[in-house]
Amino acid sequence: MNWQDRLIALAIVAVWGFNFVVIKWGVAGVPPFLLGALRFSAAAGLGLLFVRRPAIPWRWLALYGLSVGLGQFACLFTAIKLGMPAGLASIVLQSQAFFTLIIGMLWLGERFTPWQLAGLLIGSAGLYLIGGLGAASLPLAGFVLTLCGAASWAFSNVVVRRIVAAGYKPDMLGLVVWSSLAPIVPFFALSGLFEADRIVWAQVATPQSLFAIAYLALVATLFGYGQWSKLLSRHAANVVAPFSLLVPFFGVLSAALVLGERLSFWQLAGGALLLGGLAVNVFGPRLLALWRKP
């Protein structure tokens with residue numbers, strides 16, 4: 001990968017890391033379900049004009065959109081609204097990699113490799129430190145909902161595997177844009193049922209709220225996934241994917257600089273263990289091969 005593509009990859013993960021700060025701003029003025037509805041409406045409304053629909057049956061697009069869109073972001077937006085720190089949410093959400101292993105085993109009959117099992121155990125210890133010893137300053141409901149969001153993201157990963165196994169080759173940007181249609185109506189319905197008396201349209205129309213909606217839809221979604229797809233078209237997935245491990249770094253850094261968030265010792269230790277387990281899961285075989293190389 002040349003230095004230009006490395007800079008693009010770093011820009012993408014920085015955008016995705018700062019995304020958690022923007023969510024914090026967004027839910028301050030827009031209720032979580034309405035924020036989700038507006039985010040996906042904006043992404044689909046603009047994206048469908050420029051992105052061709054992938055050659056994938058609608059049922060798969062809908063299943064992917066409902067899991068990664070409705071499931072993940074309904075939980076994540078609500079968690080942050082309930083007080084889940086933005087930086088910590090960026091770390092805990094990475095547990096999706098371990099949920100993906102578990103769902104893949106249950107749904108697809110996949111088996112763990114020793115490295116995956118080791119990474120899962122290390123990551124689980126990290127989650128215990130965050131949600132157990134580090135829970136004094138942490139809203140329990142927010143932590144649990146962030147885990148539910150991670151599980152929903154993991155389910156969408158397995159959906160993609162099923163799509164590929166069925167013989168389809170989805171373009172990531174096309175999949176994200178066209179699947180954005182699926183969560184719009186459910187989000188508006190949930191907002192009407194649970195948030196109707198809490199919507200203050202003057203707050204929805206503030207510069208901060210409008211910036212949050214635009215950032216989530218256009219920058220994090222269309223720019224982020226658009227450029228990520230281009231990188232994947234030029235380089236192998238195992239070259240591009242490790243950059244995503246930097247998302248929590250940018251998430252914690254931006255939350256500290258912009259929101260003034262400070263994590264406790266146990267939260268930091270748990271986050272380090274969680275990301276360490278993820279690194280073992282991704283890089284374990286490669287590092288062992290290098291160590292054994294004479």
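At 45% relative accessibility, Arg 234 counts as partly exposed, a class that lies between buried (under 20% relative accessible area) and exposed (over 50%), using a 1.4 Å probe and protein chains only. The model is predicted, so local features need pLDDT of at least 70 and side-chain atom pairs count only at pLDDT 80 or more, while totals for chains, interfaces and linings use all residues. Residues are numbered from 1 along each chain as its sequence is written, and side-chain values use heavy atoms, leaving out hydrogens and water.

Arg 234 forms a salt bridge with Asp 5, meaning that a side-chain nitrogen of Lys or Arg is within 4 Å of a carboxyl oxygen of Asp or Glu. Asp 5 lies in helix H1 (residues 3–29) and Arg 234 in helix H11 (residues 207–234), so the pair ties together parts 229 residues apart in sequence. Helices are DSSP runs (H or I, at least four residues), numbered from the N terminus. Asp 5 is buried, at 7% relative accessibility.

The whole structure contains 2 salt bridges:

| Salt bridge | Closest N and O atoms |
|---|---|
| Asp 5 with Arg 234 | 2.9 Å |
| Arg 161 with Glu 110 | 2.6 Å |

Arg 161 lies in helix H7 (residues 140–165) and Glu 110 in the loop between helix H5 (96–108) and helix H6 (114–133), so this pair ties together parts 51 residues apart in sequence. Arg 161 is partly exposed at 34% relative accessibility, and Glu 110 is partly exposed with a relative accessible area of 30%.

Notes: Helices (H or I, at least four residues) and strands (E, at least two) are DSSP runs, numbered from the N terminus.
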